[in-house]
Amino acid sequence: MIEMHRQLAISCCEAACALMEKEARSRAETIEMLHDAHAACYHIGQAGGGEYAARCEWLLARAYVAAQMGNAALMHAERALELARAADADAQTRALCLEACARAHAALGRPVDADYCKQEAVLELARIDDEKLRAQVMAEIGSLTI
């Protein structure tokens, strides 16, 4: 049963990410993207959660930014960071959570807060040992517009 939830979480996450990357989403696709992100979080919770709960909140934050719903994005980004810190998550997860906070603040028109979170995310990069992972996270941070 746990493996089924894990596979469903992956599938829902991939679907949400594909819709987030789509430049011209319809309203129905935006709603589907949010449903997919929430479904991914549900299934990760059923599969055990742990550090991945922070990643799920990150996914929700990014989906809400893409949906232009800044307040919801910030709520999920802050929760992601809270969960990452509580779980003593790895530097990649912490950096992504801070990147989500920066995006949410930027979506709400708070450039000072967005820049602060972005700089904190960059500091976390130094703690990522794997060069490939560090480059992936840097790409996410680098795509941020404040």
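Since the model is predicted, local features need pLDDT of at least 70 and side-chain atom pairs count only at pLDDT 80 or more, while totals for chains, interfaces and linings use all residues. Residues are numbered from 1 along each chain as its sequence is written, and side-chain values use heavy atoms, with hydrogens and water left out.

Let me begin with the cysteines. The structure holds zero disulfides, a disulfide being a pair of cysteine sulfur atoms within 2.5 Å. For Cys17, the closest cysteine sulfur belongs to Cys13 and lies 4.1 Å away, which is too far for a bond. Cys41 is likewise in no disulfide, the nearest cysteine sulfur being that of Cys56, at 3.7 Å. Cys17 is partly exposed, with a relative accessible area of 22%, whereas Cys41, at 17%, counts as buried; here buried means under 20% relative accessible area, exposed over 50%, and partly exposed in between, using a 1.4 Å probe and protein chains only.

H4 spans residues 70–86 and reaches 24 Å from its first C-alpha to its last, close to the 24 Å expected at 1.5 Å a residue, the expected span being 1.5 Å times one less than the number of residues. Among its buried residues are Leu74, His76 and Leu81, and the cover over the buried residues of H4 includes helices H2, H3 and H5. Just after H4, Asp88 takes a positive phi of about 50°.

Finally, Thr30 is found in helix H2 and is buried, with a relative accessible area of 16%.

Note on methods
Helices (H or I, at least four residues) and strands (E, at least two) are DSSP runs, numbered from the N terminus. Contact means heavy atoms within 4.5 Å.
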